[in-house]
Amino acid sequence: MAAADERVTFPGAVPPERVSTVDSAGLRIAVHEWGAPEAPPIVLFHGGFDFSRTFDVFAPLLAGDGWRVVAWDARGHGDSEHAALYSWDADVRDALAVLEAVSDEAVVVLGHSKGGGVAMQLADALPHRVRALINFDGLPSKQPVPDVADHDRTRLLASELEGWLDHRRRAADAVRRAGTLDDLATRRGAMNPRLSPEWLRYLASVGGRRDADGWRWKLDPSMRFGGFGPWRPEWSMLRMRSLGMPFLGVLGRIPEPMGWGTRPADVVPYLPDGARFEVYDDSGHFLHIEHPERTAALVREFLEARL
């Protein structure tokens with residue numbers, strides 16, 4: 001087990017310069033920042049079962065380009081407070097609380113994976129709050145995409161709520177399994193097979209906590225993919241076509257467990273007018289971790305051209 005005073009490092013990883021919390025209807029949301037407080041803000045949304053410190057290499061690169069980079073932990077993730085219930089709509093409300101705490105004006109929003117889907121839902125609902133939208137492999141798709149009638153939507157909501165509440169009761173006293181820091185890194189490696197052992201160990205050190213009996217992930221043990229609905233991740237793609245702000249979408253082509261399996265041909269029909277769409281043939285789902293410098297340069301080029 002790592003010594004209590006051991007500080008795990010990784011080349012290029014920079015801890016946040018400022019840490020704070022935002023109140024979202026009584027729930028504490030953790031916020032991490034890099035860059036000058038007076039710089040124009042760009043707000044980062046992490047993916048599901050993830051946390052904002054996964055941006056520790058990528059975020060400082062954006063800060064070096066003159067941005068105030070604000071990354072927040074979704075409820076039940078990272079250092080944010082655990083909640084009784086979880087849903088995409090709750091994540092959107094939490095995101096808005098963060099945006100309102102950051103600026104009264106429209107801001108640039110960047111989301112990875114589930115965070116990209118949540119960001120598109122936010123931009124669709126409140127376009128005046130989003131100056132530009134960047135989506136990193138958060139473009140879930142199934143062909144064909146089904147619609148759901150209102151009466152079926154109500155039925156699905158009832159059944160999914162019932163299922164979630166049953167799960168929540170079963171998981172009320174659950175505690176994540178403890179282990180060494182290397183154990184956590186190994187578990188994470190099963191989901192991120194393309195990441196190096198050194199990077200996995202760093203992620204474990206900032207995404208986990210050291211208790212008396214060992215290390216365990218901070219993630220709420222009652223968390224499960226999705227949330228009560230009815231909601232299908234691919235529905236977020238349907239919102240994309242009507243977005244009016246500058247849009248950049250980036251897709252990683254190499255399949256891995258945490259990815260959506262989306263193909264470029266699935267995305268193109270839904271792109272907004274004037275959107276930029278890039279495909280990384282040499283990257284998996286976590287493209288901002290695999291290629292932080294290249295991806296930061298792409299964001300820089302896009303924002304300089306569009307803003």
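These are questions and answers on a predicted model of a protein.

Trainee: How many helices and strands are there in the protein?
Mentor: The protein has 307 residues, and 55% of them count as buried. Among contacts with a separation of 6 or more, 77% are between residues 24 or more positions apart. The secondary structure consists of ten helices and ten strands.

Trainee: In which sense do strand E6 and strand E9 pair, parallel or antiparallel?
Mentor: Strand E6 covers residues 130-136 and strand E9 covers residues 247-252. Ile 134 stands opposite Leu 248 in E9. Over four bridges, the sense of the E6 and E9 pairing is parallel.

Trainee: What volume does the largest cavity have?
Mentor: Rolling a probe the size of a water molecule over the atoms shows where empty space is left. The structure holds one cavity of 30 Å³ or more. The volume of the largest cavity is about 90 Å³.

Trainee: Which helix gives the largest share of the lining of the largest cavity?
Mentor: The lining includes Phe 45, His 46, Trp 72, Asp 91 and Lys 114. By class, the lining residues are four nonpolar, five polar and two charged. The largest share, three residues, belongs to helix H3 (residues 114-125).

Trainee: How many residues line the second largest pocket, and which lie nearest its centre?
Mentor: The space in this pocket is about 290 Å³. Its lining has 14 residues. Nearest the centre are Phe 49, Arg 176, Met 191, Trp 217 and Leu 219.

Trainee: Which helix gives the largest share of the lining of the second largest pocket?
Mentor: The lining of this pocket divides into five nonpolar, three polar and six charged residues. The largest share is three residues, and they come from helix H5 (residues 181-191).

Note on methods: Residues numbered from 1 in each chain as written. Predicted model: local features only at pLDDT ≥ 70, side-chain atom pairs only at ≥ 80, totals over all residues. Heavy atoms only, no water. 1 Å grid on protein atoms, 1.4 Å probe; cavity = no way out; pocket = protein on both sides within 12 Å on 5 of 7 lines; lining within 4 Å. Points joined across faces, edges and corners; volume = space filled by probe spheres on them. Helix = DSSP H or I, 4+ residues; strand = E, 2+ residues; numbered from the N terminus. Nonpolar A, V, L, I, M, F, W, Y, C, P; charged D, E, K, R; others polar. Pairing = 2+ DSSP bridges. Buried < 20%, exposed > 50% of the residue type's maximum accessible area, 1.4 Å probe, protein only. Contact = heavy atoms within 4.5 Å.
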